[in-house]
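Open the model in your viewer and keep the selection tool ready. Each stop below says what to select and what is there.

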Amino acid sequence: MDIAARIRLVGFRKWYERQLIDSHLSLTTCFLSGITIAACLEEVRLAETGWRTTALLAIVFAAALLCAYSWRRYLTVLERAETYGSRSSCPACRTYARFDILASGSGTQGPYLDPEETALPYPWLRVRCRKCATAWRLPD
Ligand SMILES: [Zn+2]
C-alpha cells in the first residue's frame, strides 16, 4: 500500500506514529544483531574446526546481514517519516496533521514543483487543511 493510501486509511498522526515505531524496531533489531555477533565471535575457536565453528561463523554472517539491513531500514523509514512530518502543519493556521489528501503522485509531476528540480525520493501529496481549507504540498 502506498503512502497516500495508508495515510488516508489511518490518518497522518497514526501513520507517523507507526513509522516511528517501525524505524525503532529496526534499530532494536540492529542492536540485538550486534549483540549476537559479539556473543558468537566470543565463542568461536578458530583452532578447532568442525560444525560448531562453522555454525557460529554462519550465525555471525547472518547477523551481520540482518544488522546492516536493519540499520538501513531504520534510516530510510525515519527519514521518510521526518520528511513528511516536517511539513504536516498547515502553513496558514499551524494546525498539526489535520488535512485531507487531494492528490498524490511521484517524480517531478507534482504541483508547485520547479521543473529544474530533481525527482523526489518519495511521492508528493497535495493536501488541504480541514480547519481553514489552505492547500499545500508534502513534502516540500
Ligand atoms: Zn489551516
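Select Ile 7 and the residues it touches: leaving out those up to four places away in sequence, these are Phe 12, Trp 15 and Ile 101. Contact here means that the C-beta atoms of two residues, placed from the backbone, lie within 7 Å. This is a predicted model, in which local features need pLDDT of at least 70, side-chain atom pairs count only at pLDDT 80 or more, and totals for chains, interfaces and linings use all residues. Residues are numbered from 1 along each chain as its sequence is written.

Is Ile 7 buried or exposed? Ile 7 counts as buried because it has 25 C-beta neighbours inside 10 Å. A residue is buried if 20 or more other C-beta atoms, placed from the backbone, lie within 10 Å of its own, exposed if 12 or fewer, and partly exposed in between.

Ile 7 is found in helix 1. Helices (H or I, at least four residues) and strands (E, at least two) are DSSP runs, numbered from the N terminus.

Next, select the largest nonpolar core, nine residues: Ile 7, Phe 12, Trp 15, Tyr 84, Phe 99, Trp 124, Leu 125, Val 127 and Leu 138. Such a core is a set of buried Ala, Val, Leu, Ile, Met, Phe, Trp, Tyr and Cys residues joined through C-beta atoms within 7 Å. Helix 2 and strand 2 (124-129) are the elements that give two or more residues to this core, and strand 2 has the largest share, with three.

Stay with Phe 99. Apart from neighbours within four places in sequence, Phe 99 is in contact with Phe 12, Val 127, Arg 128, Cys 129 and Arg 130.

Colour the chain by domain: domain 1 is 1-85 and domain 2 is 92-140, with bounds from an automatic or database domain assignment. Ten residues of domain 1 are in contact with nine residues of domain 2. On the domain 1 side, helix 1 (3-10), helix 2 (12-43) and helix 3 (51-85) each supply at least two residues; helix 1 gives the most, four.

Finally, select helix 3. Its 35 residues reach 50 Å from first C-alpha to last, close to the 51 Å expected at 1.5 Å a residue, where the expected span is 1.5 Å times one less than the number of residues. Within helix 3, Ala 63, Ser 70, Tyr 74, Val 77 and Tyr 84 are buried. Helix 2 and strand 3 (135-138) are among what covers the buried residues of helix 3.
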